[in-house]
Amino acid sequence: MMANATTNPLQLLPLELVDKCIGSRIHILMKRDKEIVGTLLSFDDFVNMVLEDVTEFGITPEGSRITKLDQILLNRNNITVLVPGGEGPEIRGDFLD
């Protein structure tokens with residue numbers, strides 16, 4: 001018999017997991033060689049997100065680029081992976097020279 005979210009309290013639905021991340025740091029892999037790390041403030045049913053204290057990591061023809069932003073609104077169409085509690089590539093050293 002297959003378990004679902006109503007019979008197994010340890011199983012979370014995707015939006016429930018994102019909801020648990022509000023107020024926490026989240027690492028987001030975007031389309032087109034871009035990664036974002038920030039504190040999740042809110043999201044809607046379509047998983048459009050508002051983040052604060054944001055660091056954006058990008059790859060350009062000139063090399064890697066790091067941009068700091070106070071707040072950002074992300075469109076879900078550009079999000080590929082969400083990593084709750086992720087620290088981003090800067091911590092791993094991917095973007096350090």
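# Strands and salt bridges

Biologist: How many bridges join strand 3 (residues 49-60) to strand 4?

Modeller: Strands are DSSP runs of E with at least two residues, and helices are runs of H or I with at least four, numbered from the N terminus. Two strands pair if DSSP finds at least two bridges between them. Strand 3 and strand 4 run antiparallel, and the number of bridges joining them is 11.

Biologist: From which number are the residues of each chain counted?

Modeller: This is a predicted model, where local features need pLDDT of at least 70, side-chain atom pairs count only at pLDDT 80 or more, and totals for chains, interfaces and linings use all residues. Side-chain values use heavy atoms, leaving out hydrogens and water, while residues are numbered along each chain, as its sequence is written, from 1.

Biologist: In what order do the elements of the protein chain run from the N terminus?

Modeller: The secondary structure of the chain comes to two helices and five strands. Going from the N terminus on, the elements run α-β-β-β-β-β-α.

Biologist: Which are the edge strands of the sheet?

Modeller: The open sheet has five strands in the order 4-3-2-1-5, with antiparallel pairing. An edge strand here pairs on one side only. The two in question are strand 4 (63-74) and strand 5 (79-84).

Biologist: What does the twist average from one strand to the next?

Modeller: The axes are lines fitted to C-alpha atoms (for helices over the stretch in contact), and angles run from 0 to 180 degrees between N-to-C directions. From one strand to the next, the twist averages 25 degrees.

Biologist: How many residues lie between strand 3 and strand 4 in their hairpin?

Modeller: In this part of the sheet, Glu-52 stands opposite Gln-71 in strand 4. Strand 3 and strand 4 form a hairpin, and the number of residues between them is two.

Biologist: What share of the 97 residues counts as buried?

Modeller: A residue is buried under 20% relative accessible area, exposed over 50% and partly exposed in between, using a 1.4 Å probe and protein chains only. Of the 97 residues in the chain, the buried share is 28%.

Biologist: How many salt bridges are there?

Modeller: A side-chain nitrogen of Lys or Arg within 4 Å of a carboxyl oxygen of Asp or Glu makes a salt bridge. Side chains of opposite charge can pair when their charged atoms come close. Under the rule, the count is three.

Biologist: How many residues apart are Asp-53 and Arg-25?

Modeller: These two form a salt bridge with the closest N and O atoms 3.4 Å apart. The pair links distant parts of the chain, as Asp-53 is in strand 3 and Arg-25 is in strand 1 (residues 25-30), a separation of 28 residues.

Biologist: What is the relative accessible area of Glu-56?

Modeller: Lys-34 is partly exposed at 29%, and Arg-65 is partly exposed at 37%. Glu-56 counts as buried because its relative accessible area is 11%.

Biologist: With which side chain does the side chain of Thr-39 make a polar contact?

Modeller: Thr-39 is in strand 2 and is buried, with a relative accessible area of 12%. A polar contact is a pair of N or O atoms within 3.5 Å; within protein, one must be able to donate a hydrogen and the other to accept it, and residues adjacent in sequence count only if both atoms are side-chain atoms. At 3.2 Å, the partner of the Thr-39 side chain is Arg-25.

Biologist: Which side chain is joined to that of Glu-35 by a polar contact?

Modeller: Glu-35 lies in strand 2 (residues 34-43). Its relative accessibility is 17%, so it counts as buried. The polar contact spans 2.6 Å, and the side chain at its other end belongs to His-27.
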